[in-house]
Amino acid sequence: MCYKVIAYFEDLQDNSFAYDVGDKYPRKGFEVTTSRIKELATNQNRQNKPLIKKVEEKKPKKADKE
């Protein structure tokens, strides 16, 4: 699953790694728990607002078979 940053934050569970608006979350090579995703996607964090949102992954369309 891929998430997009919607508000600047520093991830305190990742050595204060800074995420800017528009960045993908999590960064490559860093694994997060489901509970961490929930925390960042809701107001249950130190900023009291959602910091990330889920991005729907677009699946490539299959070519029509003729």
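Helices (H or I, at least four residues) and strands (E, at least two) are DSSP runs, numbered from the N terminus. The structure is a predicted model, in which local features need pLDDT of at least 70 and side-chain atom pairs count only at pLDDT 80 or more, whereas totals for chains, interfaces and linings use all residues. Residues are numbered from 1 along each chain as its sequence is written, and side-chain values use heavy atoms, with hydrogens and water left out.

Ala41 belongs to helix 1 (residues 34-41). With a relative accessibility of 32%, Ala41 counts as partly exposed; accessibility classes are buried, under 20% relative accessible area, exposed, over 50%, and partly exposed in between (1.4 Å probe, protein chains only). Apart from its neighbours within four places in sequence, Ala41 is in contact with Pro50 and Ile52, contact meaning heavy atoms within 4.5 Å. The C-alpha atoms of Ala41 and Lys4 are separated by 9.9 Å, the two residues being 37 residues apart along the chain.

Lys4 is part of strand 1 (residues 2-5), where Cys2 and Lys4 make up the uncovered face, and Tyr3 and Val5 the covered one. In a regular strand the side chains alternate between the two faces of the sheet. Strand 1 runs antiparallel to strand 5 (residues 52-55), to which four bridges join it; strands pair if DSSP finds at least two bridges between them. Within this pairing, Val5 stands opposite Ile52. Strand 1 also pairs with strand 4 (residues 24-25), in the antiparallel sense and over two bridges, and here Lys4 is opposite Lys24.

Across the whole structure, a search finds four aromatic pairs. Rings of Phe, Tyr and Trp (its six-membered ring) pair if their centres lie within 6.5 Å, and planes under 30 degrees apart count as stacked, over 60 as edge-to-face and the rest as tilted. The rings of Phe9 and Tyr19 are stacked, because their centres are 5.1 Å apart and their planes lie at 20°. This pair links distant parts of the chain, with Phe9 in strand 2 (residues 9-11) and Tyr19 in strand 3 (residues 17-19), 10 residues apart. Phe9 is buried at 2% relative accessibility, and Tyr19 is buried with a relative accessible area of 1%. The rings of Phe17 and Tyr19, with centres 4.9 Å apart and planes at 65°, form an edge-to-face pair. Phe17 is partly exposed, at 34% relative accessibility.

Phe9, Phe17, Tyr19 and Tyr25 together form one aromatic cluster. Arg27 lies over the face of Phe17, at 4.9 Å from the ring centre; the criterion is NZ of Lys or CZ of Arg within 6 Å of the ring centre and within 35 degrees of the ring normal.
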